[in-house]
Amino acid sequence: MTAGELAVDGLTLTAGARRLVRDVSLTAHPGEVIGLVGPNGSGKSSLLRAVYRVLRPAEGRVRLDGADAWSLPVRQLARSVAAVVQESGTDFDLSVREVVAMGRTPHKRLLSGDTAEDARLIEEALATVHVSELAGRPFDRLSGGERQRVLIARALAQRPSLLVLDEPTNHLDIRHQLDVLGALRRLPATVLVALHDLNLAAYYCDRLYVLRDGEVTASGPPAEVLTPRLLAEVYGVASEVAVHPLTGAPQVTFLPGDTGHGRSRDGEDRSAVRTPGAARAGD
Ligand SMILES: Nc1ncnc2c1ncn2[C@@H]1O[C@H](COP(=O)(O)OP(=O)(O)OP(=O)(O)O)[C@@H](O)[C@H]1O
């Protein structure tokens, strides 16, 4: 079992003549939850693919606990790294429990059955994302959100030291979004997760990396990174960022309209980019 120290150094990724990611460096220390945010097409999925060894770097390295992830034996990597990704197959002719049990495969000898410990980890993973009651159902007849939770359960059952997730909550209702992200926070693993919801990223992640056009444009704790200026530059949206009084996390409110020209729903002009702590409408 590895400790889960991830170091990405000077990573450049290409597809044919196209450069998807350029000179990206990133670290994730054992137990940290690291969020990757950025607009559509900014390179988040590509970067994750290089980390879970699907997209070979054109330049740079991905290291896990000091070892080059692209040089490790596949089986060793599979014991240490689990991925929940958008292109996960959904055509398995398997029950939910069988899909989750696949998470134990890298830890087993060829053709050996489930041990009591495997069974315990499978049940625990099913329960964590509230799919125990679906365990006997065919996976391919589940709803999108149910499937997503089952694939997360499979990754949890794997007990990785590094868990890589690409938009793991995009099909989930708010209750399950909070449950899944809360479970990721409690894992004894390093987590690298691409998220579009900046408020969830702000609350659940220790640090964020903001990608833009394949490059890291900002990184650090959410409170330092998520500023109206950055959100205007990167997403072209106007926003207000405040510290939530109950959670203590930054909370972004997006203001409709173009950057700098926010307009409230009643049509009133408003200053679109506010600094944290600025008075809000109705205060
Ligand atoms: N195999 C490929 N061939 C050519 N271009 C690709 C390939 N894979 C990705 N791209 C392009 O690389 C860029 C980055 O894609 P990527 O999927 O990494 O972005 P993303 O940040 O995950 O986006 P999203 O938020 O929409 O999921 C996009 O412009 C995409 O069209």
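**The open sheet and its surroundings**

Mentor: Four strands make up an open sheet, in the order β2-β1-β4-β5, and they pair in the antiparallel sense. The edges belong to β2 and β5 (67-68). Each of these has a single partner strand, so one side of each is left without a neighbour in the sheet. Bear in mind that this is a predicted model.

Strand β4 covers residues 59-64 and pairs with β5 over two bridges, in the antiparallel sense. Leu64 has Ala67 in β5 as its bridge partner.

Strand β2 (18-28) gives two or more residues to the shell around the ligand, and so does helix α1 (44-51). The residues around the ligand are Ala15, Arg18, Leu20, Gly38, Asn40, Gly41, Ser42, Gly43, Lys44, Ser45 and Ser46. Helix α1 gives the most, with three residues. By class, the shell has two nonpolar, seven polar and two charged residues.

Helix α6 itself runs over residues 174-186 and has 13 residues. From its first C-alpha to its last it reaches 18 Å, close to the 18 Å expected at 1.5 Å a residue.

Which residues of α6 are buried? They are Val180, Leu181 and Leu184. These cover an arc of only 90° around the axis, which puts them on the same side of α6. The face turned away from that buried side carries the exposed residues Arg175, Gly182 and Arg186.

The protein has nine helices and twelve strands. Of its 283 residues, 39% count as buried. Look at contacts between residues at least 6 apart in sequence: 64% of them join residues at least 24 apart.

To recap, begin at the sheet, where β2 and β5 stand at the edges. End at α6, with Val180, Leu181 and Leu184 buried and with Arg175, Gly182 and Arg186 exposed on the face turned away.

Conventions. Residues numbered from 1 in each chain as written. Predicted model: local features only at pLDDT ≥ 70, side-chain atom pairs only at ≥ 80, totals over all residues. Buried ≥ 20, exposed ≤ 12 C-beta atoms within 10 Å, placed from the backbone. Contact = placed C-beta atoms within 7 Å. Expected span 1.5 Å × (residues − 1). Arc of directions from axis to C-beta. Near = placed C-beta within 6 Å. Nonpolar A, V, L, I, M, F, W, Y, C, P; charged D, E, K, R; others polar. Pairing = 2+ DSSP bridges.
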